Amino acid sequence: MYIYQRLGWPQFTWDDSKITPLLTNARHNQGRMLSKMEALGFGLREEASLQTLTQDVVKTSEIEVEVLDVDQVRSSIAHRLGMEIAGLIASDRHVDGVVEMMLDTTQRCNALLSDDRLFEWHSSLFPTGRSGMHKIVVGNWRNNSKADPMQVVSGAMGRKIVHFQAPDSEIIAQEMAGFIEWFNSSNNIDPVLKAGIAHLWFVTLHPFDDGNGLIARAIADMQLTLADHTAQRFYSMSAQIRLERKRYYDVLEQTQKGTLDITE
């Protein structure tokens, strides 16, 4: 049984006695870092934000085992932010697509999430309508059937391991409507915790044919930007996930096969 099949889904719970000390420490460090950045001049803050955004785009793609050219990413970001820096080079449309999505989440973090906005992000990630050599549904929810379920798998042919099976596509529109309403609503959840919940919830629904991990991390970055009260980014969640990739996937799989208690 997967977490979305549990009675009460998606009413998540967690152990405050375990979460609160970690959250308090994270928020303290977050505040110290932002205070130090505010003491710098505008130019230095802008350069630091450019470096962080570049790292975020590169590392979020590396998690998907895709290596992007760092100079292209940096140039694409600088161009879209109107920054005057030396050594700008041309960037390909795939790099531009990832950059466009990431900048939309941070520079327009106060704009509401919607079906259309998510579809625009997805279209930016797959401008050719293909993932590798495979044609996929782009700019809309996946439409796979029960006979061909959306699964996260590993292993060679004949020795396939199914790590997770996403909800059937016929309920995705309804499930995503609930997620979007929750994300856009004001609630009493700490914004950093909300980033984590949103990330888990979205990647569990797995609403697209491909790109779900990238978009889930973008949604978390959007919420973390709201938590920081600044569109400038000085730390990268994707870089940390990349460092702890195996642990991240282990905990994700355990949680998706567990109860509605998402403490881990």
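Let's start at the end of a helix: helix 7 is followed by His206, and the phi of His206 is positive, near 50 degrees. Before going on, a word on the model: it is predicted, so local features need pLDDT of at least 70 and side-chain atom pairs count only at pLDDT 80 or more, while totals for chains, interfaces and linings use all residues. Residues are numbered from 1 along each chain as its sequence is written, and side-chain values use heavy atoms, with hydrogens and water left out.

Helices here are DSSP runs of H or I with at least four residues, strands are runs of E with at least two, and both are numbered from the N terminus.

Back to helix 7. It covers residues 191–205, and its 15 residues reach 21 Å from first C-alpha to last, close to the 21 Å expected; the expected span is 1.5 Å times one less than the number of residues. At its start, a side-chain oxygen of Asp190 comes to within 2.8 Å of the backbone nitrogen of Val192.

How many of the 15 residues of helix 7 are buried? Eleven are, so to speak mostly covered, where buried means under 20% relative accessible area, exposed over 50%, and partly exposed in between, with a 1.4 Å probe and protein chains only. Among them are Ala198, Trp201 and Phe202. The cover includes helix 5 (115–125), strand 4 (161–165) and helix 8 (212–228).

Now to the largest nonpolar core, which has 62 residues. Such a core is a set of buried Ala, Val, Leu, Ile, Met, Phe, Trp, Tyr and Cys residues joined through side-chain atoms within 4.5 Å. Leu118, Phe179 and Ile219 have the most contacts inside it. Leaving aside neighbours within four places in sequence, Ile219 is in contact (heavy atoms within 4.5 Å) with residues including Leu118, Phe179, Ala198 and Phe202.

Next, the strands. Strand 3 (residues 151–154) pairs with strand 4 in the antiparallel sense over four bridges; pairing requires at least two DSSP bridges. Val153 stands opposite Val162 of strand 4. Six residues lie between the strands of this hairpin, and Gly155 takes a positive phi near 100 degrees.

Last, helix 3, residues 70–81. Its twelve residues reach 17 Å from first C-alpha to last, close to the 16 Å expected. Asp69 has a side-chain oxygen within 3.0 Å of the backbone nitrogen of Asp71 at the helix start. Val73 and Ile77 are among the buried residues, and their cover includes helix 2 (42–63) and helix 4 (93–107). After helix 3 comes Gly82, with a positive phi near 70 degrees.

Terms used
Polar contact = N/O pair within 3.5 Å; in protein donor to acceptor, adjacent residues only side chain to side chain.
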